[in-house]
Amino acid sequence: MTAIDRWRETLGQPVDGASLAAFRILFGLFAALGAARFLWNGWVEQLYLSPSFFFTYPGFSWAHPWPGWGMYAHFVALIVLGLMIAAGIYTRLATGLYFVAFTYVELLDQSNYLNHYYLISLLALVMTFMPLGRVFAVDGWRSSDPRQTVPIWCVWLIRFQLAAVYFFAGLGKVNADWLLRAQPLATWLPARGDVPVIGPLLTLPAAPWLMSWAGAAFDLFIPLFLLHRRTRFWAWLTAAAFHVITGNLFKIGLFPWIMIAFTLVFFEPDWPRTLMSRLMGRPQSVRTLGGGAEGSTCPGPVMSRVGLAALCLYAALQIATPLRHIAYPSQLLWSEEGFMFSWRVMLVEKAGQVDFWVHTEDGRRMLVPPRQYLSPHQLGAMSTQPELIQALAAHIAAEYQHLGDVRVTADAFVSLNGRPRRRLIEEDVDLASAPTGLGHRARILPLDDRQK
Amino acid sequence: MRAVACLTAAVLTLSACSSGEGASATPTATPAVDRTEILALAAATVIYPNYATLNHRLDDLATAATALANAPDEATVTAAQEAWRACREPWSEAAAHDFGPSESLRARSAIDWWPVSTEKIDAFIADEQAISVQRVAELGADVRGLMAIEYLLFSADGDAVAVAAALQAEPQRGAAILAYAQYAAERAEALQEAWGDVGAGGYTDGLAQAGQGQSPYEMTQDGISDVVNGIVHAAETLADVKLGRPIGLSTGGVPLPDEVQGGISNNALADISSTLHGIRLVYQGDASSTGATLHRLVRQLDPAIADGVIADLDAAEAAVEAIPEPLDDAVSHSSQAALDAFYATKDLHRSLATDVASLLGVTLTFSDNDGD
């Protein structure tokens with residue numbers, strides 16, 4: 001038997017599907033709740049219907065919001081799909097459709113990018129390939145398949161994904177601003193002196209330093225402690241406490257509560273049954289392939305070669321993507337080249353101000369404030385991100401096309417993590433004709449350039 | 001445990017030794033400037049008094065408009081013009097704190113919309129129906145307010161006699177001025193009441209108590225964010241709209257003197273100066289202020305940035321003062337002084353929108369959407 005065969009056999013082993021069922025239920029409920037929040041808070045109108053311009057992702061310029069009530073219907077569909085996932089109704093189909101529908105929304109505008117939205121998309125994608133409708137699911141009750149198990153790779157893939165979030169979030173904190181200047185917590189914490197009980201502590205000079213170092217250590221090592229059986233329970237409690245604190249200190253929406261719920265997957269695969277046994281006072285049995293108890297000698301199916309290859313490719317991408325910033329010569333927090341999709345959370349306090357200038361061939365120069373094209377939300381995001389600044393410059397050039405061949409330059413200034421503002425982009429460069437794509441944007445000025 | 005103790009000691013040592021950039025984390029003997037106190041003082045000593053003054057002056061304008069409507073002559077025209085100019089000062093200052101009740105009551109559309117439609121105003125006057133405050137309330141924003149009054153009360157050549165003659169010839173004009181003034185005064189009174197004096201349970205208290213109890217602000221920082229955004233938007237409007245557009249920066253150098261707000265009354269530069277003064281009051285407090293202000297907080301965090309903001313404020317005020325009156329003439333003649341004033345106000349805008357906002361952790365014009 002080759003090593004690959006051994007891996008296929010190991011990853012194909014069945015385990016109790018109860019923990020992934022709990023994960024699926026929580027995922028579905030958060031999916032529905034998240035979509036409902038968009039409707040309730042008016043974000044559908046604000047983020048998708050009001051703007052006249054969208055920062056689409058490279059290669060996804062075809063993605064446009066549905067017209068009229070379409071976007072509202074889309075979010076209602078997300079709620080329904082979330083509830084179907086939670087209930088386990090047509091689970092695979094619902095999860096697949098949810099992945100497509102949710103990811104479509106995220107692709108509409110880069111200025112709406114959030115790490116936890118990306119996480120939801122990834123989880124929905126991988127969940128689509130898992131047999132999640134067997135346990136605690138309407139599908140399972142309707143099915144003649146008695147299995148209450150899932151291949152172990154399913155559990156480990158979810159664990160891997162969550163561990164990657166923590167680890168790369170921690171790795172992102174290993175930088176001079178975070179560790180040697182305690183930024184941006186030195187900016188944020190003193191502003192939260194009004195928090196009951198701990199507020200006064202947050203204003204102490206040492207607070208940002210302690211929380212910076214502790215936060216980095218937490219993110220880097222919590223996956224290890226969650227994976228280790230002896231430390232798992234205390235690690236999860238620590239994670240829960242960490243997320244409750246950050247959830248109360250900062251406006252980060254559902255993210256902390258999602259992570260508290262999702263990290264339950266690090267417990268044993270049968271943890272929901274164990275919990276129910278304790279609560280109900282009687283053991284909960286698990287039917288496996290042969291209908292016997294878990295641990296039966298009945299061999300499980302091996303993972304297919306294609307499946308193993310896909311799993312390895314996915315894992316490799318998840319490791320490589322957050323590290324791609326190494327390929328860029330610029331400073332990550334300043335240029336944000338390689339920043340998205342890399343789990344860099346809570347690392348920057350940025351404020352920017354951008355004005356565009358349109359230059360015509362006959363020497364005229366016109367000031368174009370970006371506010372006329374963008375919503376306040378988009379304006380805030382664009383003002384600090386060179387890629388979005390360039391995208392808007394290209395749009396402005398198209399808008400002024402009737403004046404001939406125009407150049408578009410930008411006066412872009414950004415303050416990063418408490419530093420005085422600095423010019424972000426060379427002021428004379430025509431951004432409309434500058435190269436786009438994934439390559440380094442040479443016109444981004446270095447952070448240590450003191451030019452005001 | 002020993003490792004944890006060593007790590008903690010190392011972190012505390014780093015914290016104690018830090019200096020230079022990131023001075024916000026530097027231990028200091030000076031007590032921290034209290035953000036709640038900043039909000040309380042701004043609301044009680046700048047914002048509420050400003051709206052009280054506005055309300056009082058709009059009442060005076062309504063009184064002057066009554067005299068004007070009853071007996072239009074050079075004296076009543078001049079008195080009404082002076083009362084109108086007196087209203088512009090607190091209103092232009094209020095642009096620096098245009099949030100809370102000002103937004104919810106749509107004060108701008110009721111009191112000072114720009115540009116107004118002179119065609120619609122003429123049609124309103126020519127209408128045979130009696131002019132009343134009730135009818136003004138039903139009008140669109142561009143057919144009423146201080147700029148509609150300006151259109152009827154001033155002539156471009158400053159001739160009060162000619163204005164009086166027009167009012168005598170067409171009494172509906174005087175009635176419109178009166179109804180406009182009374183409606184604006186009503187709305188200003190509602191605005192003042194909504195803010196309320198200290199202890200009255202209005203927005204003044206809500207801002208002062210941000211992060212507590214019944215305050216509309218969940219966190220103190222939300223209040224700070226509104227206040228900072230207020231001055232950022234005021235500076236941005238000055239640079240891009242009040243100066244940049246008339247100068248012709250958006251047209252490739254073709255001046256747009258008709259875009260000067262307050263061009264007929266020749267009050268445009270006074271308005272701009274008042275808004276700059278409003279920004280200074282919100283940011284720095286008045287000259288006698290000894291309490292907590294945004295400026296003192298910024299100074300505590302980064303003295304260089306604090307000095308930079310004050311220098312930018314001084315430069316903007318001086319640059320605006322250097323523009324020869326009237327502004328529409330200055331922009332028509334491509335005045336370098338007007339261009340200098342644009343760049344000076346733009347620098348102020350940048351300082352507030354980047355240095356100050358980032359230092360205080362304020363999110364500019366951002367939604368309440370999820371983060372990270």
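This is a predicted model: local features need pLDDT of at least 70, side-chain atom pairs count only at pLDDT 80 or more; totals for chains, interfaces and linings use all residues.

Student: OK. How many salt bridges are there over all chains?
Tutor: There are 34. A salt bridge here is a side-chain nitrogen of Lys or Arg within 4 Å of a carboxyl oxygen of Asp or Glu.

Student: What does A:Asp16 pair with?
Tutor: A:Asp16 bridges to A:Arg273, with the closest N and O atoms 2.6 Å apart. The pair links distant parts of the chain: A:Asp16 is in strand S1 (residues 14-16) of chain A and A:Arg273 in helix H15 (residues 271-280) of chain A, 257 residues apart. Helices (H or I, at least four residues) and strands (E, at least two) are DSSP runs, numbered from the N terminus.

Student: Is A:Asp16 buried or exposed?
Tutor: A:Asp16 is buried, at 0% relative accessible area. A:Arg273 is buried too, at 5%. Buried means under 20% relative accessible area, exposed over 50%, partly exposed in between (1.4 Å probe, protein chains only).

Student: Switching to chain B. Which residue does B:Asp271 bridge to?
Tutor: B:Arg88, with the closest N and O atoms 2.8 Å apart. B:Asp271 lies in helix H13 (residues 268-284) of chain B and B:Arg88 in helix H3 of chain B, so the pair ties together parts 183 residues apart in sequence. B:Asp271 is buried at 4% relative accessibility, and B:Arg88 at 1%.

Student: What else is in helix H3 of chain B?
Tutor: B:Gln81, for one; that helix covers residues 74-94. B:Gln81 is buried, with a relative accessible area of 11%. Leaving aside neighbours within four places in sequence, B:Gln81 is in contact (heavy atoms within 4.5 Å) with B:Leu153 and B:Phe154. The C-alpha atoms of B:Gln81 and B:Leu153 are separated by 6.8 Å, though the two are 72 residues apart along the chain.

Student: And the whole of chain B: how many helices and strands?
Tutor: 17 helices and 0 strands. Of its 372 residues, 54% count as buried.

Student: Last one. Which residues link up in a network of salt bridges?
Tutor: A:Asp355, A:Asp411, A:Arg423, A:Glu427, B:Asp240, B:Lys346, B:Asp347 and B:Arg350.

Terms used
Residues are numbered from 1 along each chain as its sequence is written. Chains are lettered from A and ligands numbered from 1 in the order in which they are written. Side-chain values use heavy atoms; hydrogens and water are left out.
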